[in-house]
Number of protein chains: 4
Amino acid sequence: MSAEQQLAITSQRMFGLGWMRGTSGNVSVRDGDDLLVTASGVDKAALDATHAVRTSMLGEALPGQPYRPSAEARVHAAVIAATGASAAVHVHALSAVVAASRWPTGVTLADVEQLKGIGRAAHGDRVTVPVVANSQDMAELSDRVLGALGAGVPGVIVAGHGLYAWGGDLDEAVARTESLDWLCEYALRIDALRP
Amino acid sequence: MSAEQQLAITSQRMFGLGWMRGTSGNVSVRDGDDLLVTASGVDKAALDATHAVRTSMLGEALPGQPYRPSAEARVHAAVIAATGASAAVHVHALSAVVAASRWPTGVTLADVEQLKGIGRAAHGDRVTVPVVANSQDMAELSDRVLGALGAGVPGVIVAGHGLYAWGGDLDEAVARTESLDWLCEYALRIDALRP
Amino acid sequence: MSAEQQLAITSQRMFGLGWMRGTSGNVSVRDGDDLLVTASGVDKAALDATHAVRTSMLGEALPGQPYRPSAEARVHAAVIAATGASAAVHVHALSAVVAASRWPTGVTLADVEQLKGIGRAAHGDRVTVPVVANSQDMAELSDRVLGALGAGVPGVIVAGHGLYAWGGDLDEAVARTESLDWLCEYALRIDALRP
Amino acid sequence: MSAEQQLAITSQRMFGLGWMRGTSGNVSVRDGDDLLVTASGVDKAALDATHAVRTSMLGEALPGQPYRPSAEARVHAAVIAATGASAAVHVHALSAVVAASRWPTGVTLADVEQLKGIGRAAHGDRVTVPVVANSQDMAELSDRVLGALGAGVPGVIVAGHGLYAWGGDLDEAVARTESLDWLCEYALRIDALRP
């Protein structure tokens, strides 16, 4: 499958999970020396391979592209450069945004098997999914995301906004996105239990 | 794709999201000098292009149509005439109706990225999604909806009923519907957090 | 479409909505002088037209049927005989069962548009969706369901069990089922609002 | 349908229900003298028949298998040997994990029809779905699961982890998994009701 088709399939999957409503969210994957990023403002349920925009490794569109890349391409590029990942996913998952409101300094988890889905241990490992403040300045947002890498989690929640996750390939980035959503929903449901 | 087919696809999508249960909800789109409106009482999971009823720009069925348009066609027509929109979506989204019960004078939001999905700013913008009272008199309901346009939101919640949203085309109306649902659910979940 | 195919499509739809998990739920529709009922113990996601069991109007299997009808066929038959309906749907919808636990004497609703989906008025109409006690004796359960018809609602909740709804055809029975689920979920969410 | 195809279809179904996010979960089914187990680390939405790994009845891969079986194959094998079941399903269903947090000594249920979906009586039967502690040592986890068989429930919740269920064939194991999820969600929703 081409990298362009992978972007399309991933977008449709994230839409189906409820995390890319109203054209929100974006996906990126390395392709040789370039980065492919989903086009800006496209309905993710209908996004196809033609909406994969070829950009530099800084997230800037190469000449002649028919669509503009997502404004957040720069954040994807920064994460991929800093971590050595090859793919990143950004979703507006309610679980993550609500969890960031509940725990503004980070969502702390321990003793839960799904932590293995983000490369951490199920036991004896206190994990804090980092939360950073939102920004409309993509350089500032990128700096905040990179500033959270020390948490040792392949993802970060942007407060009032959504979730970024990344991996060695798009499959891994998707799996980590799904695990982070599961973990955030789990934390919120445990927190809401009586009494 | 024909405008009729767009109505059908949109209806199926809104059904799939859980917002058009039990034949509820309706969709409209301009087609030349006419307005196409989904037929009354049709299961939205099964609605096809033949169920697109051609009406005047007042929402009144043109002669010879095999189906009656939704009773709410008049509200669609009023919104489209007043706003210059080309398409409108009406759904029975639980999130919106529950939010209207929680905040009967409007659902106020700020500092959340998804506000950009309804044409507002993510920061420094205090947005109130308006709530109006329900009515079985379509002229009265239309007046109430138009009376709420001053909120600067491309949608309005009808208390105890559902949500209207509109846009420059059907894709935009759908995207705004999805963003409004996301925002209502977000507001409710934040509100329900401990303590 | 044959009545057998309608049963299969309805079963798959109700499974998709989460209301027929683990082989639970059943569907019936009149076909001439007979009643067709879904087979007992079949996975509703995989139920096809061959699983439509032909029974008498008392819900007893006609000779030579390859499958046994659902044990609840007798309840379907009783409801259809008493109301003049032509189709009935029984689902294990969590919303209805939880609502029956919250309001053991019936789920009362008023001033909500979706009431029109069960043939009642959106305003000025106080509607109580009846709740009856569960029983493993199908004659007793039938009597309880029939005893609740006075509520003027085309459906009844069986406490600790599920929901029955019926209509003039299978489409109407499905639409009413969906409306009743919406209404129960709505009632529960409004009830759970702060403070 | 081959046993390999059954594993694939079951995995896709459990993914669709939200219980196998991020490569989590696994499925097994007897095939003659062998046990087929889903491969480790595979996206369950994309798992196909080639990912069915043939193992001994102890859950150890037979020579020449292209994939490694799930690490939890040993637990599947132990359950199947001890109970005489022919298939087992392990899912990360949030409902079960949250319920185990709420009721660490077991989830007790009575007077609910869906109990029949796990082979128990709807009335007059007090059922406790057992909860055991998680472990990364598969021998220890197997012992804990086997130690819970006395509860007379064809499933067990592993705290902070997920749910196992089993049956005479894969269909039965799936149906019981779905019933256990329904029952856990039901218990949690009833528990959360006011006051």
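Q: Which residue forms a salt bridge with Arg189(D)?
A: That's Glu185(C), and the closest N and O atoms of the pair are 2.6 Å apart. Keep in mind that this is a predicted model.

Q: Good to know. How many salt bridges does the rule find across the interface of chain D and chain C?
A: It finds two across that interface. The one between Glu185(C) and Arg189(D) joins these two chains.

Q: And how many residues does each chain bring to that contact?
A: Chain D brings 21 residues and chain C brings 26.

Q: What about the area, how much do chain D and chain C bury between them?
A: About 2000 Å², with 55% of it on carbon and sulfur atoms. On the side of chain D, Trp182(D), Arg189(D) and Arg194(D) supply 34% of the area buried against chain C, more than any other three residues.

Q: Nice. What rotation superposes chain D on chain C?
A: A rotation of 90 degrees, with 0.0 Å of shift along its axis and an RMSD of 0.0 Å. The two copies are thus related as by a four-fold rotation axis.

Q: Which residue of chain D comes closest to that rotation axis?
A: Ala192(D), whose C-alpha is 6.3 Å from the axis.

Q: Why do you say the copies meet through different surfaces?
A: Because only 14% of the interface residues of chain D are also interface residues in chain C.

Q: Let's move to chain A. How many of its residues are in contact with chain D?
A: 21 residues of chain A touch 27 residues of chain D. About 2000 Å² is buried between the two chains, and carbon and sulfur atoms give 54% of that. Trp182(A), Arg189(A) and Arg194(A) supply 34% of what chain A buries against chain D, more than any other three residues.

Q: How far apart are the closest C-alpha atoms of chain A and chain C?
A: They lie 13 Å apart, and no contact joins these chains. Chain B and chain D do not touch either, with their nearest C-alpha atoms 13 Å apart.

Q: Changing topic: what is the volume of the second largest pocket?
A: About 870 Å³. It is lined by 38 residues, and those nearest its centre are Gly22(B), Thr23(B), Gly41(B), Val42(B) and Asp43(B).

Q: Which helix gives the largest share of that lining?
A: Helix 5 of chain C, with eight residues. Helix 5 covers 170–191, and helix 1 of chain C, 3–16, also supplies at least two lining residues.

Q: Last one: how do the lining residues divide into nonpolar, polar and charged?
A: Eleven are nonpolar, 17 are polar and ten are charged.

How values were computed. Residues numbered from 1 in each chain as written. Chains lettered and ligands numbered in written order. Predicted model: local features only at pLDDT ≥ 70, side-chain atom pairs only at ≥ 80, totals over all residues. Heavy atoms only, no water. 1 Å grid on protein atoms, 1.4 Å probe; cavity = no way out; pocket = protein on both sides within 12 Å on 5 of 7 lines; lining within 4 Å. Points joined across faces, edges and corners; volume = space filled by probe spheres on them. Helix = DSSP H or I, 4+ residues; strand = E, 2+ residues; numbered from the N terminus. Nonpolar A, V, L, I, M, F, W, Y, C, P; charged D, E, K, R; others polar. Least-squares fit on C-alpha atoms with pLDDT ≥ 70 in both. Contact = heavy atoms within 4.5 Å. Buried area = accessible area lost by both parts, 1.4 Å probe. Salt bridge = Lys/Arg side-chain N within 4 Å of Asp/Glu carboxyl O.
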